[in-house]
Amino acid sequence: MPPAISSAPPIPRFRLLLCLLTALLLLPVTALASENRVSESSPLGQLIATDKDIKVFKTPYCGCCNDWVTYMEQEGFTVEAVDVSQEQLNRLKYHGGLQPGMGSCHTAFIDGYLIEGHVPASDIRRLLDQQPDVAGLAVPGMPVGSPGMEMGDRFDAFDVITFDRSGQSEVFSRHNQN
């Protein structure tokens, strides 16, 4: 039986090669788009695994870190708190994708997202509900009046920032803006 004859014109080799090269070049970009969160199967993912809702890494002597853990528990989260050295904490921040200038005193992980500093529980719930393609949330520094940093009637304005592994960031929410 003779081979079937196609009525479609053949694709020139150059166009076919160009399409294949374009697809290969775009493959890493599309892979990066879903790799902001920490993968459970990665070495960091195995380190941050917990049977609790959130795992918090902090230095042993930071009182405001302990206050934030208590706040999160009062907000209904189950928390595993782990004391580490400052050097270990800095490595966790780096490998979790935290961008320079966004650091605070403790780092937490929930559902593959990095949570840096005194992030309100309402913002963490919103993050989990919306599931954006970001590495996490950060409250840079230690703003007075943020959860775990309460000081009487003083409430400094602060922003919660999203960040991704490519260095992009944007404001997720604003607090105490009065």
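**The sheet**

I started with the sheet, in what is a predicted model: seven strands, open, in the order E2-E1-E3-E4-E5-E6-E7, with mixed pairing. Strands here are DSSP E runs of at least two residues, helices are H or I runs of at least four, and both are numbered from the N terminus. Two strands pair if DSSP finds at least two bridges between them. E2 (79-83) and E7 (169-175) are the edge strands with a single partner strand each, so one side of each has no neighbour in the sheet. From one strand to the next I get an average twist of 20°.

I then looked at E1 (residues 54-58), which runs parallel to E2 and is joined to E2 by five bridges. Lys-58 sits opposite Asp-83 of E2.

My ground rules: residues count from 1 along each chain as its sequence is written, and side-chain values use heavy atoms, without hydrogens or water. Local features need pLDDT of at least 70 and side-chain atom pairs 80 or more, while totals for chains, interfaces and linings use all residues.

**Helices on the sheet**

H3 (residues 63-74) lies across E1, E2, E3 (107-110) and E4 (113-116), at about 170° to E1. H5 (residues 121-130) also packs on the sheet, touching E3, E4, E5 (136-138), E6 (158-163) and E7, and makes about 135° with E7. Contact means heavy atoms within 4.5 Å. For the angles, axes are lines fitted to C-alpha atoms (for helices over the stretch in contact), and the angle between N-to-C directions runs from 0 to 180 degrees.

**A closer look at H3**

I checked which H3 residues are buried: Cys-64, Cys-65, Trp-68, Val-69, Tyr-71 and Met-72. They cover an arc of only 160° around the axis, so they are on the same side of H3; the arc is taken from the directions from the helix axis to the C-beta atoms. Buried means under 20% relative accessible area, exposed over 50%, partly exposed in between, with a 1.4 Å probe and protein chains only. The buried residues of H3 pack against E1, E2, E3, E4 and H5. Just after H3, I noted Gly-76 with a positive phi of about 100°.

**Cysteines**

How many disulfides are there? I count zero, with the cut-off at two cysteine sulfur atoms within 2.5 Å. For Cys-65 the nearest cysteine sulfur is that of Cys-62, 3.0 Å away. Cys-65 is at 0% relative accessibility, so I list Cys-65 as buried. The Cys-105 sulfur is 3.5 Å from the closest one, in Cys-64, which is too far for a bond. Cys-105 is buried too, at 12% relative accessibility.
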